[in-house]
Amino acid sequence: MRVPLPWMGEYVALPDGARGAEVAAALVTVGLEEEGVHGGGVAGPLVVGRVVEFVDEPQKNGKVIRWCQVDVGAEHNGVGGSPRGIVCGAHNFVSGDLVVVSLPGAVLPVVPGGFTITARKTYGHVSDGMICSAAELGLGADHDGIIRLVEWGHADAQVGSDAIALLGLGEETIEVNVTPDRGYALSVRGVAREYSHATGAVFTDPALIDVPKPEDDGFPVQLSDQAPIRGVAGCDRYVARIVRGVNASGPSPAWMQRRLEQAGMRAISLAVDVTNYVMLALGQPLHAFDLDRLAAPIVVRRARLGERLTTLDDVDRLLDAEDLLITDTGGERVLALAGVMGGESSEVNAATTDVLIEAAHFDAITVARTARRHKLSTEASKRFERGVDHELADRAAELAVRLLVEYGGGADHVVTGPATDADERVAQPPIEMDAALPARIVGVDYTTQDVVTGLETIGCRVDRVSDGPGAGTVIVTPPSWRPDLRRGVDLAEEVARLRGYAAIPSVLPIAPPGRGLSHAQRARRSVARALAEHGLVEVLTYPFVAPEVDDLFGLPADDARRRAVRLANPLSDEQPLLRTWLLPTLLDALRRNVSRGSTDLALFEIGMVTRPDGPLGVAPRLPLAVRPSEEELSTLRGAVPPQPRHVAVVLTGQRGLAGWSGAGRPADWADGVESALLVGRTVGVELGVSADVHAPWHPGRCARLALAGVTVGHAGELHPTVLTALGLPPRTCAAELDLDAVIAASSGIRRAVPVSTFPVAKEDVALVVDAAVPAGEVAAALREGGGELLESVRLFDVYVGPQLPDGKKSLAFSLRMRAPDRTLTSAETARVRDAAVALAAERHGAVLRG
């Protein structure tokens, strides 16, 4: 929310010479986070210019620049009054447009400390100034084009006049981040009130104005929500005001246009600007209908099957049964998506002289779902979905009517009609709270008077019920602009906020003795540390995926990973599923880094996946004040799908970088397998490795990882088709393990293996086997056949060539043998070797190579 200081100063007493940074700092103390201070950073010659002519000039880099001749007034033009030549990269203007020109010597707030404009040579021309965009002047984030003053309501600006004064750039505007529970702060009124809370400055409520009483002959309105969500009506109040004879399409006054621009909105026409101005001032969204295009009565209802609406953004939308609509002709014609956007059929246009102003109170959840469903986030929906003051509708409509009368033709020409106020609001019950609750949960010794004073400061009505043995009980009625205050803890938070967050002590809880990390927690930390020491970088990704990800990775139709949980209210409609494995989101992080120029990457993630294994129960509503029973906890667990922790690794590019020590080494399938084996070694288990075919791995370079014959993961090189679809480099490798299953197979305490002081005996054997026999199975047979004296088996060479029969390969293993209590004799070493080779021969037909 952007708040110009002069505007805010009309509602709250600001100190003389108050700076934006000082006001923002005060707001931070009551929980409104500062996003920035805009304006006030422009200095030097900034003038209105007119584009006389321009030439498009293509450049070698593919960019097309415009060499413009700009008239900046007799005082600022070049020698002999000639226009200034300026290079511009934007293309959203035509000859004759009025623009904002910063001349040499001007300072713009595009970088901290300001950026000074100079005449400089660029693209073969000396650019004698700069044509400015909104972002370069601190008026918004629009970098796509320059400011065309006709679009900003300044079609009559004089060439050469001061643009700083025209756009209010000398005035500072503070920008604050408003959290979803504090919708009242999306208005100058709300921010000014918070500044009053922070500093004690006198606050004057702009909504305290007299409003006319509704009359029976006002424009008829019916509230007819036959399918309320959660039993709450979609609209419980609808105010309609009529203004006749107004110049609705004319320009709004310059002061209003400047304030809208400072708040980040463009001036459009009187009717639109007035509704936007009142919304920014009070926080109540309004909508203006062309009265001549309406047919009574207006009916507020839910959408019917198959209904459509073309909204003001020229999009034809299929409506949903949950959408709340504004209709006329007794509910037959759809006019608008309530609280979101109006429709084309009743839009105010150049011929409009009679206007109906809508000011309503819509249900927050209804508006939020409609906005998300139609991907249509508007300034109105942002406010309604956070909660709007239900007392504001008639006052906001009255303020809009007054402005339309004053600036749309005057009281002699503009006539206002009778008011309509369809009011079906239900009073909300007050909140009963123990006055000691804030002190108990915050940890600060607030007195009862502190609590009462704090709540009354924010507008609550507080009634003392009893003093009781402690602090007593209070009955609190929240103000109309705070629909977020529903429970005692909400009120406790307000007390803490107003009494000052700085007063809350930082107390480190004392850990209960005799407790520490569980075995699983220690194991997970050890795995993360081991992978990081192995040269991998840990990342955290969002657990949401798109439905098409399964097809992208080539998963079979019956693959368990295709059974995913769909979120009822996803952050993004494009990613509504919870991931069932880690690689899709981890590879997306890899792809993002590769697209930004990184080439040699090794990433890992430890995170939860969701693996539904059957129908889910209904989650119970658990008590808050006591520990749930075992039966309740069991029911809750039955309503949640299994969520095991997995660990995944991806590698691409060079695993060993080239340097003075030698050539680099690209990452390959073996690095993926080794990373998985490292996880097993870290927690003290040995993973079995065997060849497998498993999407999305390359069918000839995929390893199955198992514990006691049960598959716990896969590793290897990813399939080329998958890599092409994802835009990843060839030979990218990956591994994924069920970390919970691996940790469960490990013991809590690992027994230390005694270190033998006796020398190791070494034997190398080369075994000829069928080419289809996996080397891992031969190694396992050697290890089993050698018994306890065989310390290790390591494959160090694989040979296939003319010295061997067709279909055969030679596997060379290094055997290391050692006894814990003696030095092995040559005879003992030979017996161990022969026993190992004998079992390999029995199981796999291995023959010692001569």
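# A tour by selection

Start with the whole structure: a search of it turns up four cavities of 30 Å³ or more. The model is predicted.

**Stop 1: the largest cavity**

Select Gly183, Tyr184, Ser187, Leu282 and Asp389. Of the 14 residues that line the largest cavity, these lie nearest its centre. The volume of the largest cavity is about 110 Å³. What is the class make-up of its lining? Five residues are nonpolar, five are polar and four are charged. Now colour by secondary structure. Helix α4 supplies the largest share of this lining, with three residues.

**Stop 2: α4 and its partner α2**

Show side chains next. On the α2 side, pick Val23, Ala26 and Leu27. On the α4 side, pick Val191, Glu194, Tyr195, Ala198 and Thr199. By class, this contact of α2 with α4 holds six nonpolar residues, one polar and one charged.

**Stop 3: a five-strand sheet**

Trace the strands in the order β5-β4-β3-β6-β11. This is an open sheet of five strands, and its pairing is antiparallel. Which strands sit at the edges? They are β5 (84–88) and β11 (130–131), each of which pairs on one side only. Zoom in on β4, residues 64–71. Five bridges link β4 to β5 in the antiparallel sense. Pick Trp67, whose bridge partner in β5 is Val87.

**Stop 4**

Jump to the loop between β15 (287–290) and β16 (298–302), where Pro297 is found. The peptide bond from Ala296 to Pro297 is cis, with omega near -5°.

Move on to the loop between β17 (308–310) and β18 (316–318), and select Asp314. What is its phi? Phi of Asp314 is near 65°, a positive value in a residue other than glycine. For context, most residues other than glycine have a negative phi, and most peptide bonds are trans.

**Stop 5: α11 against α12**

Select helix α11, residues 448–457, and helix α12, residues 488–499. Their axes come within 9 Å and cross at roughly 90°. The two helices are therefore roughly perpendicular to each other. In α11, highlight Asp450, Val451, Gly454, Leu455 and Thr457. They meet Leu491, Glu494, Val495, Leu498 and Arg499 of α12. Colour this contact by class: five residues are nonpolar, two are polar and three are charged.

**Stop 6: a seven-strand sheet**

Follow the strands β28-β31-β32-β38-β37-β36-β35 in that order. They form an open sheet of seven strands with mixed pairing. Its edge strands are β28 (537–538) and β35 (688–691), and each pairs on one side only.

Which residue of β37 stands opposite Cys702? Select Gly716 to see it.

**Last stop: Pro696**

Go to the loop between β35 and β36 and pick Pro696. A cis peptide bond joins Ala695 and Pro696, with omega about 10°. The tour ends here.

Note on methods: Residues numbered from 1 in each chain as written. Predicted model: local features only at pLDDT ≥ 70, side-chain atom pairs only at ≥ 80, totals over all residues. Heavy atoms only, no water. Contact = heavy atoms within 4.5 Å. Helix = DSSP H or I, 4+ residues; strand = E, 2+ residues; numbered from the N terminus. Nonpolar A, V, L, I, M, F, W, Y, C, P; charged D, E, K, R; others polar. Pairing = 2+ DSSP bridges. Axes fitted to C-alpha atoms, helices over the stretch in contact; angles between N-to-C directions. Parallel < 35°, antiparallel > 145°, perpendicular 65-115°, else oblique. 1 Å grid on protein atoms, 1.4 Å probe; cavity = no way out; pocket = protein on both sides within 12 Å on 5 of 7 lines; lining within 4 Å. Points joined across faces, edges and corners; volume = space filled by probe spheres on them.
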